[in-house]
Amino acid sequence: MARIVMKFGGTSMAGTERIRRVANIVRRQAAGRDGERNQVAVVVSAMAGETDRLVNFCREANALYDPAEYDVVVASGEQVTSGLLALTLQALGQPARSWLGWQLPVHTVENHAKALIDRIEGSGLIAAMEEGQIAVIPGFQGLSPEGRVTTMGRGGSDTSAVAVAAAIGADRCDIYTDVDGVYTTDPRIVARARKLKAVTYEEMLELASVGAKVLQTRSVGLAMRAGVRVQVLSSFVDDDATPADDHPGTMIVSEDEMNQLVERGEVERQLVTGIAHDKNEAKIILTRVPDRPGSVAHIFEPLAKASINVDMIIQNVGRDKGETDVTFTVPQADLARAQALLEDRREEIGYNRIITDSHIAKISVVGVGMKSHAGVAATMFAALAERGINIQAITTSEIKVSVMIDEDETELAVRVLHTAYGLDAPDESAG
Ligand code: ADP
Ligand code: ASP
Ligand code: MG
């Protein structure tokens, strides 16, 4: 017997027909092989598009919405799908019940709308699963210390699933989505992207944090810390609703496991593992900031206090002596707030003009191979230059290089880099 957490994303839960398909996969996973049943907990997302719809309602109701009430609204999408899946399982003769965030409970801390999971009470789930009942848990939602509903940021159901897996000591956490694994880049942009058999936690963490939305970044960090075995796979693999045992997706593995896979010849080590893009950042330029100690602190302190994450930062050489331009990026969703905060402090910071631009994208190449090989960045710059793509800013880490470019060039840049690093799958249509 194994204890398994299965998570189904929005596309898999979009409508009663698809939920029936999910219920069949769940039922077969629970039935196990050779008569040995598995204990199964299922974490579900809202139907595809539902969370966007609910977020828009909040914006329409009140542009400066209270995050606590926003959570009340957006958490409802997952409540609907968890109940529907429990009903569908019951219709198939499979005992099942839903466990809402406040019922488990999923204790969260920090801000509404981007709550962090602190602790999940898993005893109720375990008792129910031991009796052969399927536990269905709405992802994305939790309970604040004040007893109010919280949500965990977009894509948060992945993190719910990993946290549930950690709380009940699951053998595996299978993340079912609309692609059959993690690819070298978004397969919707590059048709010749290659599916990876395995990717290390560290690389997946970096890929997710720079825009590969196949897993929420926090879910990968949590899996790494808690040692949860995560697999990404498709719920649309065939009409038979086959569970994971028969069609493995991409395993997220430790570096040791990766080294073993490479030694056994099951995985080929590449210099670059993947390429990701992110169109959700915006650029802010403050011109003619006084070039003296403390200036930069005056800019970034208020943003940090308002929980606005600043990503790329460049301080340009001043046009005149004693002045400099400071350019940085923030999430597009926080641009208006950031701009208002900086305008309020114009005197204090002493800049001349504030210029904003949402029409940018960040393209990143990631790979642990970079730790020991030089030249990855140079290849990137040369490949982009050859296609006339202008680089506006650059940042690097031990296993990543990111550049900021014009948003219109995103798809072209991703394709060019995918080819430049030799990641393209062989062209099956050719000769
Ligand atoms: P779900 O609703 O199941 O959570 P998401 O839309 O959040 O699904 O994530 C799956 C999507 O992630 C895919 O449809 C794909 O377009 C996108 N994606 C981005 N980068 C990658 C990648 N490197 N590998 C696989 N999918 C990726
Ligand atoms: N429904 C939420 C969202 O769309 C959470 C999730 O699907 O992971 O962001
Ligand atoms: Mg997702």
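Start at the second largest pocket, whose lining residues divide into seven nonpolar, three polar and seven charged. In this count Ala, Val, Leu, Ile, Met, Phe, Trp, Tyr, Cys and Pro are nonpolar, Asp, Glu, Lys and Arg are charged, and the others, including Gly, are polar. The model is a predicted one, in which local features need pLDDT of at least 70 and side-chain atom pairs count only at pLDDT 80 or more, while totals for chains, interfaces and linings use all residues. Residues are numbered from 1 along each chain as its sequence is written, chains are lettered from A and ligands numbered from 1 in the order in which they are written, and side-chain values use heavy atoms, with hydrogens and water left out.

Select Leu196, Val267, Glu268, Arg269 and Gln270: of the 17 lining residues, these lie nearest the centre of the pocket. A pocket here is an open set of points on a 1 Å grid over the protein atoms alone, where a 1.4 Å probe fits, with protein on both sides within 12 Å along at least five of seven lines; lining residues have an atom within 4 Å of a point. The volume of this pocket is about 320 Å³, taken as the space filled by probe spheres set on the points, which are joined across faces, edges and corners.

Next, select ligand 2. Around this ligand are Ser45, Thr51, Glu78, Phe140, Arg154, Gly155, Gly156 and Ser157, each with a heavy atom within 4 Å of it. By class, this shell has one nonpolar, five polar and two charged residues. Now look for polar contacts, which are pairs of N or O atoms within 3.5 Å. A nitrogen atom of ligand 2 lies 2.6 Å from a polar side-chain atom of Glu78. An oxygen atom of the ligand is 2.8 Å from a polar backbone atom of Gly155, and an oxygen atom of the ligand is 3.0 Å from a polar backbone atom of Ser157. On its own, ligand 2 has 260 Å² of accessible area, and the protein covers 87% of this (Shrake-Rupley method, 1.4 Å probe).

Last, the salt bridges. Side chains of opposite charge can pair when their charged atoms come close. The whole structure holds 21 salt bridges, each a side-chain nitrogen of Lys or Arg within 4 Å of a carboxyl oxygen of Asp or Glu.

- Select Arg172 and Asp174: their closest N and O atoms are 2.8 Å apart, and both residues are buried (under 20% relative accessible area; exposed is over 50%, partly exposed in between; 1.4 Å probe, protein chains only).
- Select Arg264 and Glu266: the N to O distance is 2.8 Å. Arg264 counts as exposed because its relative accessibility is 53%, and Glu266, at 36%, counts as partly exposed.
- Select Glu281 and Lys362: their side chains meet at 3.2 Å, N to O.

How values were computed
Polar contact = N/O pair within 3.5 Å; in protein donor to acceptor, adjacent residues only side chain to side chain.
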